[in-house]
Every structure is written in C-alpha cells, then in structure tokens.
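This briefing is meant to be read beside the sequence and the coordinates. Please keep both in view while going through the points.

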Amino acid sequence: MDTAICGRVALSPNPVFHPKPGDKYALHKQCTNRSFFWSVPAAAAGKGGGVLDIPTREKTKPGREAEFGVRKSRKISPPYRVMLHNDDYNKREYVVQVLMKVIPGMTVDNAVNIMQEAHINGLSVVIICAQADAEEHCTQLRGNGLRSSIEPASGGC
C-alpha cells in the first residue's frame, strides 16, 4: 500500500521527509510543483501509517459536561394545565365538539370524559402542555364560548 504525499504531512512513526537542521522551508522545497504527486510506501499495517483526511470536529465543547457525559439542553418551559370550567349555557354535545376541534389529537371518548368531569365537579383538566400552547388552547376555547383557564402544573402530570 502506498501513501500519497503532496501538500500534506504523512502520519507515520517513520519520518518521510528528512529536512536538514535549521532549514525551516524543507517541506515546501520538496513539494513546490503542486502537479507533482509523490507515492511513498506507507508504514506497516497497524503502525499508524496513512495520510490525514478531512478533520472531524467534535460537537461538544471540552469541559466537565463532556467528561461526565452530561449534555446541556435548552430550558424546557414548565408545564401548564388548561382547565375547563362548567357552565350552564353550552350543551354537552357542543362542548365535546369544541374540545375535539381545539385540542389536537383529542378523541371523542376523551372529550366526553373531560366534559363529564367538568359538569360533575365544576372543573376539569383538558391538557397539560407548554405555557404558550396552553394560552393558545385557552384562548380558542374561550373564543368558542367555553369557560377555561390555565394554571401551572405543579409536579408535572
């Protein structure tokens, strides 16, 4: 196997170039013609022979987080609950329809259960999500005539 050398330094324990002491342009003088391509035998397999290819850049900065395998992540906004309040103005079927329209992925069974809980207890948790999403859902529920509010979800779910 041969190692191509021109404009790069071979990575080998055996020196390929033998510059004279004090000559700081020895490598440049030996490869002045860029169209000239040298082929030099590489070191034995497993001895570190070869030419350095494109360097790879580590994605993490060196430091304690890399040392312990801990990644820094963006701060996740605390979860908020969207609450549905019971009212005496909207029919149950309408509340189910609005919940399915406003909340993504809401099924008929879940919407009925949420509506029933709000009707019986006066209050029901619709969804737990990020604050911005909770505010949007609350605004949409209110825009459709339902009484709703948001509150921080202490303890996650």
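This is a predicted model: local features need pLDDT of at least 70, side-chain atom pairs count only at pLDDT 80 or more; totals for chains, interfaces and linings use all residues.

Residues are numbered from 1 along each chain as its sequence is written, and side-chain values use heavy atoms, with hydrogens and water left out.

**Overall make-up**

- The protein holds five helices and five strands, where helices (H or I, at least four residues) and strands (E, at least two) are DSSP runs numbered from the N terminus.
- Read from the N terminus on, these elements follow the order β-α-β-α-β-α-α-β-α-β.
- The protein has 157 residues, of which 22% count as buried; buried means under 20% relative accessible area, exposed over 50% and partly exposed in between, with a 1.4 Å probe and protein chains only.
- Of the contacts between residues at least 6 apart in sequence, 73% join residues at least 24 apart, a contact being heavy atoms within 4.5 Å.

- In helix α3, which spans residues 92-102, the buried residues are Val95, Val96, Val98, Leu99 and Val102.
- Viewed down the axis of α3, these buried residues fall within an arc of 165 degrees, so they line one face of the helix; the arc is that of the directions from the helix axis to the C-beta atoms.
- An α-helix has 3.6 residues a turn, so residues three or four places apart point the same way.
- On the face of α3 turned away from the buried side sit the exposed residues Glu93, Gln97 and Lys101.
- The cover over the buried residues of α3 includes β3 (79-85), α4 (108-121), β4 (123-130) and α5 (131-143).

- The axes of α3 and α4 are 9 Å apart and the helices pack at an angle of about 125 degrees, with axes taken as lines fitted to C-alpha atoms, for helices over the stretch in contact, and angles running from 0 to 180 degrees between N-to-C directions.
- α3 and α4 are therefore oblique to each other, given that angles under 35 degrees count as roughly parallel, over 145 as roughly antiparallel, 65 to 115 as roughly perpendicular and the rest as oblique.
- To the contact with α4, α3 brings Arg92, Val95, Val96, Leu99 and Met100, and α4 brings Val108, Ala111, Val112, Ile114, Met115, Gln116 and His119.
- α3 and α5 pack at an angle of about 145 degrees, with their axes 10 Å apart, and Val98, Leu99 and Val102 of α3 meet His137, Gln140 and Leu141 of α5.

**Met83 and Glu151**

- Met83, in strand β3, is buried, with a relative accessible area of 5%.
- Leaving aside neighbours within four places in sequence, Met83 is in contact with residues including Leu123, Val125, Arg147 and Glu151.
- The C-alpha atoms of Met83 and Ile128 are separated by 9.1 Å, although the two residues lie 45 residues apart along the chain.
- Glu151 belongs to strand β5, residues 147-152, and counts as partly exposed at 33% relative accessibility.
- Not counting residues up to four places away in sequence, Glu151 touches Tyr80, Arg81 and Met83.
- Glu151 and Pro79, 72 residues apart in sequence, are 8.9 Å apart in space, C-alpha to C-alpha.
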